[in-house]
Amino acid sequence: MKPHFIIPSQGHISLNEYRQVKGNSLKLARTINPKEIIAELKASGLRGRGGAGFPTGVKWETLYVDKSEQKYVVVNAAEGEPGTFKDRFILRKNPYALIEGALIAAHVLNTTEIYIAIKNSFNQERVRLEDALREFKEQNELQNELQGELQDIHIHIVAGPEDYLFGEEKALLNVIEGIGPLPREAHYPPYEIGLFATPNSRNPALVSNVETYARVPDIILKGAESFRTLGTVETPGAIICTLFGDIKRPGVYEIQPGLTIRELIDLYGLGPKEFNVKAILTGVSNRVLTSLNLDTKIGFSSLAEVGGGLGSAGFMIYDESRSIPRLTQVIAKFLYRESCNQCTACKTGLGIASSALDNLLANNTDKLLIEKIILGVKSAPQSNRCFLPVQGSILIPSLINSFKEEFSKTFQNEILQSEYELLPRMIDFIEDENKFILKQAEFKNEPTIEDWKTSERIIS
Ligand SMILES: Cc1cc2nc3c(=O)[nH]c(=O)nc-3n(C[C@H](O)[C@H](O)[C@H](O)COP(=O)(O)O)c2cc1C
Ligand code: SF4
């Protein structure tokens with residue numbers, strides 16, 4: 001296995017076997033001054049794998065220099081971005097790297113409290129995680145010397161709801177607190193107000209994605225310079241991509257940034273299925289990419305330079321047989337339904353866009369419908385607590401503008417392709433068959449408080 005790659009083909013079968021292959025990063029990290037760990041992370045150029053690509057070392061430093069007595073390490077394992085399965089894949093194949101990364105973060109932040117927030121429905125991953133944690137406990141690794149005293153590290157696994165917003169970091173903290181997947185106000189980021197805060201204690205939290213933590217152990221063991229020999233200057237290291245859609249071999253692939261989208265499709269996906277590629281979505285946060293962007297390199301900045309983004313590296317490939325107006329309708333419906341309605345403009349604007357798209361696809365020839373869609377999504381982000389409506393305001397106009405001709409036709413006798421295939425929410429991956437199992441239900445109706453019930457397990 002290449003250095004810094006974290007997904008072995010067979011998956012790590014035990015903590016001992018993982019250590020034999022990788023070495024003991026946790027033991028080493030616990031002998032290193034936190035400042036040096038942060039310096040190494042900053043030098044490595046590691047960027048968060050949860051979507052925004054924020055520099056990880058800078059995030060850890062912000063929490064480290066905070067003078068608060070109580071801090072928390074929080075793992076975002078709520079993976080809900082359409083077309084993404086990489087965090088669940090890591091949890092299945094190598095939960096050890098994630099746990100080590102989170103324990104190293106706890107050492108740096110001088111805390112005993114780690115929360116792993118995961119969807120209740122991720123049964124296989126939860127069992128794998130709990131088994132792996134038991135192995136760490138058996139090896140006495142859930143103890144660390146903090147302030148000259150040997151202390152137990154408490155790892156809490158919180159199983160939460162299906163909502164897309166569960167993965168939004170401020171909503172994630174509210175789920176852990178039992179409030180539900182409702183993003184807090186925009187000016188309360190987790191590094192300001194963390195978990196179980198009181199007027200006298202802000203309790204800041206380091207919230208990061210599963211893959212981000214899982215990249216840390218190898219950086220500590222092998223060094224920042226070694227990490228930078230992989231990938232590109234702006235996106236160093238390796239990255240895990242989910243590849244889905246009109247290609248011959250869908251799957252989850254660990255690659256080096258710098259590969260082009262065309263290479264990803266041809267080398268890993270074994271090429272387009274039947275027709276030429278027409279559109280590529282990287283989740284639902286970024287502008288659509290077209291066949292003109294196929295030779296763009298995979299990386300945070302390289303994709304941003306062509307107006308797109310890497311997101312959480314889920315690549316959904318659409319060929320010429322797909323209807324872009326139908327895809328746009330499905331995306332608008334998804335964002336509208338998932339909006340939590342705490343900020344009025346978000347729900348209203350996305351609702352206007354979604355129903356205008358329904359009208360358009362019902363063969364309504366009203367010339368103003370396209371304007372209505374754009375106006376709806378553009379007006380959605382106002383005093384927004386989270387990024388969800390911004391996503392719609394970027395992606396939906398980009399689909400309309402990039403595929404103007406398709407939107408200018410009439411939609412008589414249109415056969416509507418199923419929403420679950422167009423915007424996949426994956427519930428399982430059968431690796432031997434390179435097959436994703438998709439959630440086939442319609443996008444859910446408004447959630448009820450009953451849906452938001454959480455359960456917690458503590459392993460310490
Ligand atoms: C609507 C929405 C959903 C999100 N879902 C996820 C998710 O499922 N997993 C994730 O890691 N980040 C998700 N994010 C991003 C998180 O808010 C946050 O940026 C991320 O966990 C930070 O981790 P990183 O620094 O490791 O990238 C989502 C953001 C938004 C706005
Ligand atoms: S911006 Fe939208 S999704 Fe985000 S908190 Fe407000 S209403 Fe909810």
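## Exercise 1: a strand pair

Task: find the residue of strand 13 that stands opposite F429.

Solution. Next, take in the whole pair: strand 12 (residues 426-430) and strand 13 (residues 435-438) run antiparallel and are joined by 4 bridges. Two strands count as paired if DSSP finds at least two bridges between them. Last, check the turn: 4 residues lie between the strands of this hairpin, and N434 has a positive phi near 50 degrees.

A word on the ground rules before you go on. This is a predicted model, where local features need pLDDT of at least 70 and side-chain atom pairs count only at pLDDT 80 or more, while totals for chains, interfaces and linings use all residues. Residues are numbered from 1 along each chain as its sequence is written, and chains are lettered from A and ligands numbered from 1 in the order in which they are written. Helices (H or I, at least four residues) and strands (E, at least two) are DSSP runs, numbered from the N terminus.

## Exercise 2: the two sides of a helix

Task: work out which residues of helix 1 are buried and what they pack against.

Solution. You'll need the cut-offs: a residue is buried if 20 or more other C-beta atoms lie within 10 Å of its own, exposed if 12 or fewer, and partly exposed in between, with C-beta atoms placed from the backbone.

- Step one: in helix 1 (residues 15-22), the buried residues are L15, Y18 and K22. Down the helix axis they fall within an arc of 60 degrees (taken from the directions from the axis to the C-beta atoms), so they line one face of helix 1.
- Step two: an α-helix has 3.6 residues a turn, so residues three or four places apart point the same way.
- Step three: on the face turned away from that buried side you find the exposed N16, Q20 and V21.
- Step four: the buried residues of helix 1 pack against helix 6 (95-109), helix 7 (123-138) and helix 9 (210-222).

Helix 9 itself is mostly covered, with 11 of its 13 residues buried.

## Exercise 3: a loop residue

Task: is E320 buried, exposed or partly exposed?

Solution. First find E320, in the loop between strand 11 (314-319) and helix 13 (324-338). Then count: E320 has 13 C-beta neighbours inside 10 Å, so E320 is partly exposed. Finally, set aside its neighbours within four places in sequence, and E320 is in contact (C-beta atoms, placed from the backbone, within 7 Å) with F275, N276 and K278.
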